[in-house]
Amino acid sequence: MAGRIQDRVAVVTGGCSGIGLATVQRFVEEGAKVVIGDIDDARGAELVAELGGAEVATYVHVDVTDKEQVDALFQTAKDTYGSVDIAFNNAGISPPEDDSILDTDLDAWRRVQEVNLTSVYLCCKAALPHMLEQGRGSIINTASFVAVMGAATSQISYSASKGGVLSMTRELGVQFARQGVRVNALCPGPVNTPLLQELFAKDEERAARRLVHVPMGRFGEPEEMAAAVLFLASDDSSFMTASTFLVDGGISGAYVTPL
Ligand SMILES: NC(=O)c1ccc[n+]([C@@H]2O[C@H](COP(=O)([O-])OP(=O)(O)OC[C@H]3O[C@@H](n4cnc5c(N)ncnc54)[C@H](O)[C@@H]3O)[C@@H](O)[C@H]2O)c1
C-alpha cells in the first residue's frame, strides 16, 4: 500500500536525534526519500543503514548556521532524488548558558539565535526556490510552545528565537500561499528527548515545575511530534498554511491543571 507521502523527497535538519529522528523514521515508513542534515556524522551513517540504505535515505554533514552547507543540503536532495517536496527545519539547541536575561551573556544569546533562528531563515531560503519551481512544497519549521507563552523558568534567547521562527513562518506562509508552497510552524510542548533530558537533568525542580503545567501530566514523545509533522507534510493538511500548530498536551490552553 502507498504511504501518505509516497515518493516525496524530504529534507530533515537535526534528524539524528529526538523529534527529527522520529520524523525521519516515520517519513521513510510512509514512503518518502529523506535527506538528513545534522552534525552527528557517526549517528548519521548508522541511521542511513538502519533505514535501508541510499535508496531511501542520505546523510549530509550540515551545520545549519552555515549558508553554503545549507544550500548544499537542499541541492543534494534535488540531485539525488529529483525534487524538494518537504522541508522539516528542526535542528535546535537549548544550552544551559541560556537562562534568565540577568545571567545570559551576549555570546550565549547569539549562539542560540544562530542555531535556532538564523538556521530556519537559511533553510527556508534554500528550500523555497526548489519548491517554487515545482509549484509545490510543504515547509514545517520547529518553533515551540514558548513562542506563544512566557515562562518564569526563562531561557531568554531560546524563547525569543522560537518567537522569531513562528513569525517568519507565518509571513512565509502568507507570501507563498498562492504559489503552492505551504509553510507551517510545529509548536511542541515539552517532549522527552535528549534536549529536554539535558536541560532538566541538572535541575529536577525545574522539570517538576514544567510538568505541573501540562494538563496531560506527562511529557510528549518524539513519535507524537512525528505524527503531527507527517500531517503537516502530507496532503491531509492541504488547506493549512501559516499556522501555529500546537502539539503540547494542552499546556497552552490551561489556566489551572488537574491534580
Ligand atoms: N524537546 C522539547 O521539549 C522541545 C520542545 C519544543 C521545541 N523543541 C524543538 O524541537 C527541535 C528538536 O529538538 P529535540 O528535542 O529533538 O532535540 P535533540 O537535541 O534531541 O536533537 C537535535 C538535533 O539537532 C542537531 N543539531 C544541533 N545543532 C546543530 C547544528 N548547528 N547543525 C545541524 N544540526 C544540529 C543535533 O546533533 C541533534 O541531532 C528543536 O528545534 C527544539 O528547540 C523541542
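A242 sits in the loop between α8 and β7; helices here are DSSP runs of H or I with at least four residues, strands are runs of E with at least two, and both are numbered from the N terminus. What we're looking at is a predicted model, where local features need pLDDT of at least 70, side-chain atom pairs count only at pLDDT 80 or more, and totals for chains, interfaces and linings use all residues. Residues are numbered from 1 along each chain as its sequence is written, and side-chain values use heavy atoms, with hydrogens and water left out.

Back to A242: its phi is near 60°, a positive value in a residue other than glycine. S243 also lies in the loop between α8 (222-233) and β7 (244-247). With 16% relative accessibility, S243 counts as buried (under 20% relative accessible area; over 50% is exposed and in between is partly exposed, using a 1.4 Å probe and protein chains only). Beyond its neighbours within four places in sequence, S243 is in contact (heavy atoms within 4.5 Å) with V183, N184 and A185. With N184 there is also a side-chain polar contact of 2.9 Å; that term means a pair of N or O atoms within 3.5 Å where, within protein, one must be able to donate a hydrogen and the other to accept it, and residues adjacent in sequence count only if both atoms are side-chain atoms.

Now follow α8 itself. Its axis and that of helix α1 (residues 18-29) come within 8 Å and cross at roughly 55°; axes are lines fitted to C-alpha atoms, for helices over the stretch in contact, with angles from 0 to 180 degrees between N-to-C directions. So the two helices, α1 and α8, are oblique to each other, the label for whatever is left once angles under 35 degrees are called roughly parallel, over 145 roughly antiparallel and 65 to 115 roughly perpendicular. On the α1 side, G18, I19, A22, T23, R26 and F27 do the touching, and their partners in α8 include P222, M225, V229 and A233.

Next stop, N89 in strand β4 (residues 86-89). N89 counts as buried, at 3% relative accessibility. Setting aside neighbours within four places in sequence, N89 is in contact with T13, F74, V120, C123, C124, I139, I140, N141 and T142. Take C124 from that list: 35 residues away along the chain, its C-alpha is separated from that of N89 by 7.9 Å.

Last, D7, in the segment before β1 (9-13). D7 is exposed, at 51% relative accessible area, and its phi is near 65°, a positive value in a residue other than glycine.
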